[in-house]
Structure formats: structure tokens, C-alpha cells
Amino acid sequence: MGKAILLPSILFLFHFILCINSVTCSCPIDFGYVQTFPWDNSQCREPININCCQTLISLFGMGLSQYLKETSMFYLPDAASASSCLSDFQTKLAVVSVSPSLAPQCLNGSNEFIARPSSCAGILTIRDWIEKVGPSSSLDSSCNGDVTGLSRCSACVDAGMRVTSQLVSLDPNSTKCFYYTIIYAAGIVNDFGPKDIRTADCILGLPLSISPTNRTSNHLSQTNLYKLIFGFVGAIIGVLLVIGLIIVYRIWDKKKKQNALHNEYVNGVKARVLPNTGAKWFREAELEHATNGFSQRNLIGEGGYGVVYKGILSDGTIVAVKQLLDLDSKGDEEFANEVEIISKIRHRNLLSLRGCCATSHDLKGKRRYLVYDFMSNGSLNDHLFNHNRKQLTWPQRKNIILDVTKGLNYLHYGTKPAIYHRDIKATNILLDSEMKARVADFGLAKQSREGQSHLTTRVAGTYGYLAPEYALYGQLTEKSDVYSFGIVILEIMSGRKVLDTSSSSTILITDWAWALVKSGNVKDIFDESIREDGPMGVMERFVIVGILCAHVMVALRPTIADALKMLEGQGFSP
């Protein structure tokens with residue numbers, strides 16, 4: 001030990017010589033209390049006790065607390081002052097027979113006590129402290145007055161821990177907030193001041209050479225203080241552990257309930273699918289592999305309902321995979337509805353369901369997929385209104401209209417009870433490789449009830465295609481589909497969209513077509529590409545049927561079966 005302290009002693013003497021007659025090296029702290037205060041210096045005499053350094057830090061902290069009380073400054077202003085104070089402190093230690101070399105070792109040099117904003121959340125003065133902590137804190141009520149006795153000192157220590165945690169939360173990189181809290185409590189909060197034996201014993205944790213039981217019988221010894229601190233920390237760890245276990249259990253329980261709800265939903269959907277329909281329940285991994293991870297290169301369509309990807313199954317079959325969106329509102333209902341409806345129908349002009357998939361993830365959320373046969377020629381909308389595509393011929397238009405009519409006729413009369421599509425429009429009519437039309441997207445479809453002439457339901461569909469009585473009153477009948485179909489006939493025959501927004505006033509296609517029919521200019525309704533392409537009488541008949549189907553008065557609209565007969569030339573008289 002003697003060799004270990006030789007060099008620091010030499011440095012101390014060298015520094016002492018340099019600071020003689022230097023004004024800048026004066027220390028603003030009076031360390032006279034080192035000689036007069038009844039602290040226990042036996043721990044810092046040979047043999048040196050392991051608690052010696054903590055004792056010296058507390059002893060030095062008494063001076064810093066007094067300095068704060070007198071100047072409102074935490075720590076020392078500059079390196080010269082800090083060095084001078086360390087020298088003065090060593091001098092006083094030497095007077096009480098404590099080796100001066102212990103001070104720089106235990107205090108980690110003089111630079112440790114230079115005021116820096118990074119020490120504790122930017123605090124340098126009492127004013128800074130009040131801005132960060134507030135004009136009052138738990139220290140004011142717990143560390144004021146006589147803090148002897150187990151309960152009083154324990155309350156003060158607890159308050160110090162809370163304030164320290166508050167300061168560290170403001171700046172996690174702070175390193176000295178604990179010492180700042182002790183200095184503030186001893187120098188500012190406690191009325192007796194840092195040099196009071198009770199304050200020094202409890203707040204500064206300074207071992208005493210005399211027992212403070214002369215003042216109170218319930219003194220909290222240094223050992224008991226450490227036990228209290230360790231007990232407090234252990235209690236916090238225990239509480240955090242319990243909270244952690246509760247959180248883990250709740251997450252597990254929530255996931256278990258979510259899985260149960262998902263399984264219940266999937267089983268419910270499976271129960272609604274008629275057996276022997278050939279529909280397959282896919283795994284999400286199969287669909288991801290088929291679509292190259294739902295790549296943008298495979299994206300073939302998107303809208304408010306969801307997105308559609310082209311995919312290739314493991315057996316080489318090309319399919320269209322529709323992922324439903326907006327599952328938090330009506331998406332789940334539409335998925336189950338479409339699966340149930342499509343499983344009941346089999347017709348060459350209706351797009352059949354190849355399979356589906358339903359998953360629920362903690363991170364990804366709910367995912368719903370419908371898998372259909374791939375229609376290589378896209379939608380009717382693409383051919384009518386995308387001028388980059390080759391224009392449809394008259395025979396193609398005629399066959400598409402007849403195909404859609406036959407598909408709707410099956411929905412209305414080929415199934416029991418009847419099915420109302422509710423969203424007939426050009427984008428929901430798909431074309432296969434042979435340009436055969438198939439009606440698709442049954443997410444909004446409704447089944448009728450035996451003996452009822454109409455259903456009253458939430459209005460759904462696309463503006464412009466909705467029958468007036470359905471849009472206004474929610475009354476759904478088979479003729480609601482007929483109205484939408486009439487609009488589609490007129491779009492196919494004219495190449496014009498249902499709503500013409502090219503002028504200042506929006507014109508509905510039915511009004512435009514009827515005005516031309518009344519004026520005897522039916523030919524002007526036909527798309528320019530087919531005006532010379534087919535028999536005029538047949539083409540006129542298709543236009544008239546379209547106008548009848550889209551009649552504003554439901555009683556004057558034909559049924560889809562009657563419309564089919566008229567389109568085929570049976571019982572039609574213009």
C-alpha cells in the first residue's frame with residue numbers, strides 16, 4: 001500500500017507548490033469540517049477498509065452540499081477550482097492522519113467535480129433543477145427536518161430514488177443524477193443543513209464516530225440503509241417481473257382467443273360451402289409461391305374491393321388470386337358471402353371459384369383470398385374503353401351480351417332461391433381466351449327468400465348502374481339486375497360510358513340513347529367501329545332491349561328471361 005500511494009503523494013505536493021500565490025487556484029469550499037465533524041475516519045487508516053472510498057465521497061459531498069446552499073451552483077465552476085479543492089481536501093485529511101493520496105484515488109481525480117451540462121440532464125444551478133424537477137418534489141416532504149429513525153430516513157431514501165429516476169428519464173446518458181439528488185436534499189431541502197449529524201448520517205450516508213442515538217433512539221445505521229436500498233431495488237425487480245409475466249400471459253391469452261375466433265370463422269365458412277363443389281382450401285404459402293410473393297409484376301387489377309394477382313399453381317394451372325381489403329368493415333362478410341354463393345352455382349357464363357384461403361396473423365392481420373380461373377382477355381371494361389386495345393367486332397359484342405344474359409338468367413331462374421348479383425357492370429364481366437363472357441365478383445350478391453317479391457337491404461353497387469328504386473329505397477328485386485344489365489348493353493353497343501362527363505352537365509347513357517331513338521337516329525348510338533359491321537335491324541333490336549331493361553319504371557322493365565327471348569328475336573316488336 002505504501003508504494004501504491006507514493007506517486008499520488010508526490011503529485012499532490014507538486015500541485016500544492018504550483019498553486020501557492022495563485023488567485024485562480026483558490027477553492028470556494030471550506031473543508032474545515034473535515035477536522036471538526038465527528039465522522040468515522042478509522043476506515044481510512046491502515047489497514048484500509050473497503051468502505052473508505054464511499055466514506056471520502058460522502059465527506060466531500062458535505063462540502064459540495066454546503067457550496068450549493070451558499071452559491072446555488074452544483075459542483076465547481078472550472079478545472080482550477082476543482083484541482084484546488086482536491087488539494088485542500090487532501091490537506092485536511094492529512095491533519096486527521098488519513099493518507100492524502102486516497103482522495104484522488106477514491107474521488108477519481110478533480111475533474112469529476114467540474115460542473116458540466118452532461119452530468120445530469122443539463123442541470124448546473126438550482127434554477128435548472130426547478131425547471132427539470134419542478135418547484136416541489138417528494139424530496140421536500142420526505143427529506144426535510146429530522147430524518148433519524150427507520151421510517152423517516154426510509155421515506156427520504158425512497159423519495160431520492162424517485163427523483164433520480166425522473167432525472168435519468170429526461171437524459172438517459174446522465175451519470176451523476178444520484179449525487180445531484182443527494183447534494184440537493186442535504187444542502188437545500190433539509191433545514192438542518194449538510195453539516196448536521198442527522199443529515200450527514202441519513203442523506204449523505206457518512207459513517208459517524210459517535211452514535212446519533214443521543215438525539216433519537218430510532219437511528220437508521222449505514223448497514224440498515226444499504227439493506228433498505230437493496231430491499232427497495234429487489235422489490236422493484238420483483239414488481240417488474242410480475243408485470244412482465246402478466247403481460248406475457250395476456251399476449252398468450254389474446255393470441256389463443258384470436259386463434260379460436262379464426263378457427264371458428266374458417267369452420268363457419270367451410271360449413272357454408274356446399275360439398276362436392278371442387279373448391280379447394282389453399283394455404284397462404286401456396287398462393288405466395290404461385291404469385292411470386294404477390295409481386296407487383298403479377299398484379300393484374302385493383303380497386304376498392306381488393307387487388308388481383310396472376311398466379312401459376314404447382315400443377316401448372318393459371319389462376320387469378322383476389323386478395324380482399326377493408327376486412328375491418330365489410331370485407332369478411334363479402335368473403336364468406338362470395339364463397340357461399342359461388343359454391344352453389346355452376347354455369348359456363350359465370351366465373352366459378354377454384355378455391356379460397358383465410359388466415360390471421362399477429363403482425364399482418366387478417367388475410368382473405370379467392371382463387372378463380374384466369375381470364376386471359378381481361379374485363380369487358382378494358383375492351384370497351386381502352387383505346388389501345390383492338391376494338392370489339394359486332395359478332396363479339398352480340399355474343400358477349402347473350403352470354404351475360406344467359407348467366408343472369410341462370411342466377412334468377414336456375415337456382416332456388418334466386419340470386420341477385422347487385423353489381424353488374426363492365427368491370428365485372430370477364431372474357432376468356434375465346435372471348436366468351438363470364439359474370440364475376442359475387443361479393444355483394446344476395447339470395448332471395450321464397451314467397452317475397454323483393455328484399456329491403458343496404459344499398460350497395462356502383463353509381464350509374466343502380467336501379468332507381470333500389471338506390472332510393474333499398475328495394476332489391478331481380479329487375480334491379482336487369483336495370484344494370486340494360487346499362488351494360490348500351491355501353492357495349494355505343495362504346496360510351498354510363499355517365500358522360502365531357503360536358504358541363506352529366507348525361508346518363510339511357511337519356512342520351514332514348515333521345516336518339518325518338519329522333520329516328522338509332523344508328524348514331526352504335527360505336528363507329530360497328531356501324532357498317534352488322535345487320536341494322538338486329539343491332540337496333542339490341543339497343544331497344546337495352547333501353548327497355550334500363551327503364552326508370554320497374555313495371556315496364558322485362559325480366560331477364562324476357563330480355564333473352566327478345567335479344568334472340570322471339571316476341572320482339574319495336
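What percentage of the chain over residues 225-249 is helix, and how far apart are the end C-alpha atoms? The stretch is 100% helix and 0% strand, with its end C-alpha atoms 36 Å apart; helices here are DSSP runs of H or I with at least four residues, strands are E runs of at least two, and both are numbered from the N terminus. An unreviewed UniProt entry annotates residues 225-249 as "transmembrane region", an annotation that may be inferred rather than shown by experiment.

A word on the model before we go on. It is predicted, so local features need pLDDT of at least 70 and side-chain atom pairs count only at pLDDT 80 or more, while totals for chains, interfaces and linings use all residues. Residues are numbered from 1 along each chain as its sequence is written, and side-chain values use heavy atoms, leaving out hydrogens and water.

Now to helix packing. Helix α18 (residues 509-518) and helix α19 (residues 536-549) have axes that come within 10 Å and cross at roughly 130°. On the α18 side, Ala 513, Trp 514 and Val 517 make the contact, meeting Val 543, Ile 544 and Ile 547 of α19, where contact means heavy atoms within 4.5 Å.

Finally, look at the charged pairs. The whole structure holds 13 salt bridges (a side-chain nitrogen of Lys or Arg within 4 Å of a carboxyl oxygen of Asp or Glu). One of them joins Asp 146 and Arg 198, with the closest N and O atoms 3.7 Å apart. Asp 146 sits in the loop between α7 (138-142) and α8 (150-170), and Arg 198 lies in helix α10 (residues 197-202), 52 residues apart.

Technical notes
Axes are lines fitted to C-alpha atoms, for helices over the stretch in contact, and angles run from 0 to 180 degrees between N-to-C directions.
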